[in-house]
Structure formats: structure tokens, C-alpha cells
Amino acid sequence: MSLIIAGRALGVVALVIIVGAILYFMQQAYSGKMPTLRRLQAVDAIDEIIGRCVEMGRPAWYLMDSTNMTTPSILAPTVAAFQILSHTARIAARLGSKFFVPVTQGLAYSIAADIVEEAYRAEGKIDDYDPFGTVMYLPDGADRMYIINNMWSQRVSGAFFLGSWYHKAVIFTENAARVGALSLGGTDTTHNIPFLVAICDYSIIGEELYALGAYVSGDPTNTASLAGQDIGKYLALIIIVIGSLLATAGFSISGIFSW
Amino acid sequence: MILEHFFPMPDVVTGFNITMRSFTTIVSAAALMLGVIFLTISHARTISQQKSGWYYSIFYMISLLITVGLGLLSVRNENFLWIYDNMTSPTGAALYSLTAFYITSAAYRVFRARNWNAAVLLITGFVVLAMLIPIGGILLPPVVPLGEWFRSYPSSAGFRGMIMGTSLGTMGLGVRVFIGRQKEHLGVREERRGVE
Amino acid sequence: MSIINKLLNIDQRIIYAALFIALAYPILSPVMLPMDIQGYSQQAFDFSDSIPEGSIVIFEGGLGAATYPQGGPGMVVQIYHMLTKGVKIVFFSIGTEQNFWTVRAIETALGKLPPGTPAENGVDWVHLGYVAGGEAGVGSLVNDIRATITSDYYGTPIDDIPLLEGVNDASSFAAVLWWGGSEGSMPYGIRQISVPFGIPITGMSTTNEVPNFSPYISAGQLQGIFGGVRGSAEYEYLMRLPGPALGQAMATNFGGLLWMILVILGNVFYFIQRTRGEE
Amino acid sequence: MDAAVWGLLAGSAISLGAYSVLIGDNPISKLTENIYMGILGGYIFATNWDFIQKNAITKVAGGDYVYILSIILSIMLLGRLKSEYLWVSRYPVVLTVGVGLGLAMRTSVMADFLGQIQATLLPWTSLNNLVMVIGTVTAAAYFIFTAQSSGAYKYVNTAGRVFLLSAFGVTYGQTVSFRFELVIGRLVAMLDPRVANYTYVMILIIAVVLIFGYTTKRIVWYSGR
């Protein structure tokens, strides 16, 4: 019986390095040394969209599609969407734009309602917050017609499509674009990224969603985690570049993968 | 469980892990049942408060009761399976396929090369679809090798970068959940204090 | 409102109706056109054809009601291909719905076999039925079949099945055939069976999943793939076993063509609008 | 008529109901949607109950008392119904998310992270290999968020975005085709020679009902948008 199962040694090393890096950055972040993230274009897009809504006197909508938080693959984008929601709601409250957040899942609804209410309170605009109208629970399935019809009747002029998006992506974004809404779309579900990129005015793709969430919230845990993951990426890039250069020169380092 | 994958482990640990895994499947099954209960409660409210369209909820109740009734008798009950094969799955497929219509309408009205991002997307998408339909290869023969090349090299490379990123993301999320710093899914929001 | 604007704002229901007709018409009166075989399909076919006679393969049937019309015909051909070559098959499914459709594919394939082909249940093939637990379930099954399930789909105890005599983990299999449908489960096969046991894997996924798996194909972790109805149709053609997939693949023609025309028209109108300075 | 034909008929009718939503929100589509939610809910409820019964309750009855824990955990989920007991429901959620992530983490690092790195160690001897290496490197580098968008990284970032977009473009084309195949699959069943005539009759009935509804203004007609 060997100490490590054959062929998996490198896996252990990689896992240790990556997890170690994440923990190290978290330690740093809690003691006040936050890693700096790149400022994404989308941060300014949020301001622009809300600003335009105020100018035109029409509402801005914030949609998240699937928010079933017990599924790990949906949890991560949903958390990011909540962080961005908090930021967006504050801007909306500050500038005085009408803001609307429909949610199709109970647990996520209560969290979203808390977030938005808190954002309005923090801006001292709690009177603008409508407990029944700003964040609304719509049963999944019944939401589609409601959202489409109201997008047209309220002439939405700004729309956010952030979170874990499925087949509704193409339906909602098409209607938003045709109503004339300026939109920001972002998801990590690969099949629906194309629709958001092709239809929305601004788009963020894949993991950028998490980065935007961490950036606007300034949350140390997520920021540190992203910084730690970046170490993993650098590691991968270095191995690939060196490995492929060596391969060009005729040496193969593929053997290390079977340790 | 992560350790077990890399290091040989005594049977006790492995047995414990198997038990944990089966616990997970059971709890997930219970969570799905709970979802149905929530939905039913919301429909019951709609009916009792006679909200607009409440009579549709009655149809929900009737079809739910019939299916649950038959299913609780036995999930291998012939009538239960008949409902499933001939009503649930075709409707699911039909509702899912509705997006084909929306995609087509969107193709005409909003899929524009409005910026270079969208242009790259439209061109590759167009070539690949042309490659996939038999008539594309007849009308425009070069799209077949071009489409296959797109799919095998640039796209494959892009996805490879993405797969590596996602697997790192999974590790990051794992670390956050295991050290108890990711509490949003529990309805606890104490870390959102960092918002300025 | 200019003509362009009017054209751009036509009622969407006209487009829906056009698509409906474009998709339904070729089903009612099929138009057959020649088509090329895609590289991935050829690769998957060549690999399947190279599986030696007498070996055993493990076969995951993951098609559901929505995806069976696309992948089912190809799955039938794959089963036919294996059985006529004298390769024995161990089936299983990772979903309850998928399990039902797997049985249907097996029965259809058995019905197509030329008379005299050995295809006895329990000897030439066996269906283990539904295995719960997703990726973890697959991992557990291929490491210890007898600890994971006690009897096959038809209720026969595992120890009474001649085919499974001496077979208890994946090291007895020569290949993995993973007909994964749209659930994107093929990486389960790669991660849990193919990589740890060093067994080559191929199979089918729906068309939209193919790009996600292309990195695995170019990495050599996956031996080609049949994508969607086109893949099924190509397999039917390669095996010279006509089936329903070919007609369906031809039916995508008009829908696809309509889509492409609409994209071109939409963009042309958009640019005309832009040069005129309208919004 | 045998059961198979009846099945095709039922499927055809309910699919037409679902497709009628394309004309606009109408009673037929609403009815279909609610019936569908009902039977799907019933199906999920019954199959999962069966699963729990087989894998937990019979095991407990058979003397495997550890499984009582899993039942208790499941019951704790009900805590969500009342907000003051919300905390109770958190533990089962932690368990499911935790185990799921544990499983994903351990296989992910081997097959997805290292496996993909290994496959990219290609010699720069052909255009295709070069595209592969550059594409993978820039696409992965695109997601390095601690790098600032300036200097050389700016070009890497742009190149990465091009590769990612071409990847999504390919998915896009493939997805369009896939969605068409879904409709075709359904239409093949609905236009099966055995039931095709009934399908036409049902289309006619739906058309008559809707036209009646729209002309008498009983159903709201959404003007074309």
C-alpha cells in the first residue's frame, strides 16, 4: 500500500497550492490587505443604465432567473448576483430611479427583499421602497408572461440580466432590447452566454460575474478567493508555456502527470 | 472525502463517506418534495383568496392529486407511467422547444452585429449552424471545414481556458463553504457589511 | 415609419408560423440531400468499429423524452453495431426517465437485428437499470457492481447473470459508450470510468453540448462524439442501417435556412437604418 | 385504438396547448401550463417518496438505524416553512452543498484542471497547435482578475475575449440547431401517420376556440410587438 494513490500526486500538490493560496489571501484580506481587482467596464455600465432610467423617468429591472440556492452550480452565480443587486439597488435609491426585482424562488426572494430594503435604508430613501412592489415573488412558470407584458406596458428603459440564466435568457432579453432598454447581461451557464452577449448592450462572461460581484461588494472573502484562484491560473499558464516550449524543443514533461 | 480520493484510506472512513453520500441523495430527494409542497401551498392560497386566474389553480390541484395518488400506490403503476410518458414528457419537451421559436424571432430582430463582440459571435454561430444543416454544405461548401476547424481549435481552446477557470472556481467555492465563510445559501447575510 | 422600420416590426407570430411550417413540411414530405460525415462522428464510428469481438463494453443510456427523438436512432444503431460484431454490452442509466428510454432503445435494436444474431438477455447483454447518485453513483458502480446494485432491471440477481460472472469492476470492460443526452453527464464517464481505469470512451451528446466536449476530444480523453440528430443520421448512414434520424436531420434544413436568412435580413436592415441615422 | 395511439394523442393535444402560448397568453396555454405543473409536481413528489422509502425507510426497518439520521435531516428541511425555525433547515442544506462540492472538487482537479493542462503541452509546430496553446493561455488569462487592464495584459485580455467569444459562437450555432431538433422530435410524434389527422382536427379546434375568444374580446389580443 503506497502512501498516495498512483497518478494522483500532482493533483494533491495542485490542490494544496490552490487552497493554500486562497486561505493565504483570505488571511491577508481579513487583516486589511485586500487584493486589488481589475475594474470591469460593467461597473460603469451599471451607473449608465440607472442614470438613463432616471433621465427617461422609466423603471430599471433586475432579473436573476434561476435562484435555486441548494444547487451548488446555481449558488455561486446567485450569490454574485445578490452582491451586484445590493450595489445596483443603492445606486437606484440614490439617483431616484424606479427599481423592480422579480424573484421566482422563496428563499432567494426573502434574501433579495432584505438586500434591497437595506440598500434603500442606507441611502436614506426608505420611503421610496415599496414592500410589495420593489421586490416581488412570482411563481416559476407564471413569471414569463407577467414579465414580458409588464416590460412593454411600463416601457422599461434599463435591464440587468445577471445570475444563473437558462432558457428564459433569450425570451426576456429579446423583449427588453425591443422595448429599447439599455441592458447588462452576464451569466456562467455556457449555453446562454451567447444570447446575452449578442442581445445585451453590455455583457460580462463566465467568471467575470463573480469578479463583478466581489468588486462592487468589496467583500473580502470572495475577493480573496478570486485572488487565490488567480494563483492557480498563473500556475497553469506557466506549466503550459514552459511545457509546450519544451515540447517544441523535443522534451516531454507529460510524465509528471502520472506520478 | 477529498483525502480519500488521493490517499488510500481505511475502510471505516470509506464506509462513512458512502453513508454520507447516500444521506445527500436522500436529503436532495426530500428537498424536491418540499419544493412541490411550497408550490401547492401557493396555489392553495391563490384559490382560497380567489386571486385572478384562480380557477387555473384548480386544474393544478386536480392533476397533482391524480398523479400523486397513482404514484403513491406505486411508481411502477401502469397508469402513472402512462401519464408520465404521454403527458409529462411531451409537454416538457414542447415547452423546452418553445425557445426555438424565440431564437428565430430574435435572430431577425435583435441579433445584430452591434459591437465587435456580437460580430465575432454571429459569424462563428452562423458558420457552425451552416455546417450542421446538410443544405449548408451544399450551398456553401467551405463552411464545413471552416466550421469543424472553429469547433476543434479556437472554440476548444476557449472552452479549455474556461474549464480550468471553472474547476478553480469550484475549489474556491468549496474552500469558502468549508471554512464557513459563504453563508448566503443559508439565508445569513452577515458578510454583506462590506458594502460601501 | 419607413418601410424598413415596418419590416423590422412585423408581428412575431408571422415568424413563428413560418418556422412551424419550415420544420413540419419536411417531416410530411422528406427531401433527401447528400451530407458529409463530420470528423467527430467518423472518429467515434472508427473507434466503435475497432472494439474487438468478444469483449464487453459498458453502456450508459442517458436519453430522455426530449432528447430520444434525436439520439435514440443513433443509440439503436450503436447497440445493433455492437451486437452484430459480437461485442457484449452492460447497460445502465443514471436517471429514472432515461432508464425507460434505454429499455425502449434496446428493444428497438433487438427487433432490427438480422435473424440468428446472438442477443440473449443475460448472455450477450444485460441492463442494470437505474443507478442513483449521479456522478457518485457512477463511481460507486464501476468500482464494485455487486455492492451498488443487487439485481438487474428485470429483477434477476446479479450472481445469476452469466455475462457478469467474474465481472465486478470496470477493469473488465473494453470501452465506455456514453449516450448522455443533454444532461452534460459525459464528464462523469470520463472522470469516473475512463481516466481511473484507462478505458477509452465515446458516445453521443445533444448538438448544443458538443462544443463543451471538444476540449476533451482534442485532449484524447474522448474518442469522437455523435452530436444530436445529425450524429445519429451519420451513424445510420455509416452502418448502412436506414432509420428515422436521416429524415429528421433533413428537416433541420429549412429551419436552419430560415434562421440564417432572418439573421442576414435583420442585420442588413439594421445597417441601412444606422446609415440613415434612424433608431 | 391501442394504448400507444392514445398516448400519442394525449401528447399531441397537450403539446399543442403548450405551443399555443406563441399566439399570446391565452386560456388554453394557461390550462396546459397548470396541468403540466400539477402532473410534474405529482411525479416529482411520488418518485422521490419512492426513493426515500426504498433507500431510507426500508433500511431503517431492516435494522440499519444510521439512516434515521437522514430522515431527521430531511424533516428538518421543513423548518423553512416558518421563519422562526429557519435555522433548523440550514443544516441539511450545508450537508448537501458540502458533499456535492467535496465530490466535485476532488475529481475536478484531476480531470478538468490537470487533464486540460496536460493536453495543452503541444509543440509549436503547426498552426493548429499554436492556436490551441495561445487560445487556452489567453482565455485562462482573461479570467485573471488581479491583473490590471494595462500594458501587455491588455492585448492578452482582448485575445482571450476573442477566443472565448468564438467558443460561445460555436455553442450558439450548435444550440440553435439543437432547439430545432427538439421541435422536430415533437413534431415527428405529433404528425405520426396514425394520429396526424387527429392532430389537424385539434389544431382546428384550438383555432376556432381562440378566434372565437379573440373576436368576442373574451381573450385579450396582444398586438404585434
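Trainee: Where is Glu123(A) found?
Mentor: Glu123(A) sits in the loop between helix H4 (106-122) and strand S3 (135-137) of chain A. Keep in mind that this is a predicted model.

Trainee: Okay! Leaving aside its neighbours within four places in sequence, which residues is Glu123(A) in contact with?
Mentor: With those neighbours within four places set aside, Glu123(A) touches Arg90(A), Ala93(A) and Arg94(A).

Trainee: Switching to helices now. What do I need to describe two packed helices?
Mentor: You give the angle between their axes and the distance between the axes.

Trainee: Is the crossing of H6(C) and H8(C) left-handed or right-handed?
Mentor: Right-handed. On the H6(C) side the contact is made by Gly134(C), Glu135(C), Val138(C), Gly139(C), Val142(C) and Asn143(C). H8(C) brings Tyr188(C), Arg191(C), Gln192(C), Ile193(C) and Phe197(C). By class, that contact has five nonpolar, four polar and two charged residues.

Trainee: What about pairs between chains? At what angle do H8(B) and H6(D) pack?
Mentor: Helix H8 (residues 154-178) of chain B packs against H6(D) at about 110°, with the axes 7 Å apart. This makes H8(B) roughly perpendicular to H6(D).

Trainee: Which residues of H8(B) and H6(D) meet?
Mentor: From H8(B) there are Pro154(B), Ser155(B), Gly158(B), Phe159(B) and Met162(B). They meet residues of H6(D), including Phe163(D), Leu164(D), Phe168(D) and Val170(D). The contact of H8(B) with H6(D) divides into eight nonpolar, four polar and no charged residues.

Trainee: And H4 of chain B with H6 of chain D, at what angle do those cross?
Mentor: The axes of helix H4 (residues 78-109) of chain B and helix H6 (residues 152-190) of chain D cross at roughly 135° and come within 8 Å. That makes H4(B) oblique to H6(D). Their crossing is left-handed. Among the contact residues are Pro90(B), Tyr96(B) and Phe101(B) of H4(B), along with Val176(D), Phe180(D) and Arg186(D) of H6(D). By class, this contact of H4(B) with H6(D) has 12 nonpolar, three polar and two charged residues.

Trainee: New topic: what volume does the second largest pocket have?
Mentor: About 1000 Å³. It is lined by 41 residues, and those nearest its centre are Tyr68(C), Trp101(C), Arg104(C), Leu8(D) and Ala189(D).

Trainee: Which helix gives the most to the lining of the second largest pocket?
Mentor: H4(B) does, with eight residues. Helices that each supply at least two residues of that lining include H5 (96-112) and H11 (244-276) of chain C, and H1 (3-19) and H6 of chain D.

Trainee: How does the lining of the second largest pocket look by class?
Mentor: The lining has 22 nonpolar, 10 polar and nine charged residues.

Methods:
Residues are numbered from 1 along each chain as its sequence is written. Chains are lettered from A and ligands numbered from 1 in the order in which they are written. This is a predicted model: local features need pLDDT of at least 70, side-chain atom pairs count only at pLDDT 80 or more; totals for chains, interfaces and linings use all residues. Side-chain values use heavy atoms; hydrogens and water are left out. Axes are lines fitted to C-alpha atoms, for helices over the stretch in contact, and angles run from 0 to 180 degrees between N-to-C directions. Helices (H or I, at least four residues) and strands (E, at least two) are DSSP runs, numbered from the N terminus. Angles under 35 degrees count as roughly parallel, over 145 as roughly antiparallel, 65 to 115 as roughly perpendicular and the rest as oblique. A crossing is left-handed if the near helix is turned anticlockwise from the far one by less than a right angle, and right-handed if clockwise. Contact means heavy atoms within 4.5 Å. Ala, Val, Leu, Ile, Met, Phe, Trp, Tyr, Cys and Pro count as nonpolar, Asp, Glu, Lys and Arg as charged, and the others, Gly among them, as polar. On a 1 Å grid over the protein atoms alone, a cavity is a set of points where a 1.4 Å probe fits but cannot get out, and a pocket is an open set with protein on both sides within 12 Å along at least five of seven lines; lining residues have an atom within 4 Å of a point. Grid points are joined across faces, edges and corners, and a volume is the space filled by probe spheres set on the points.
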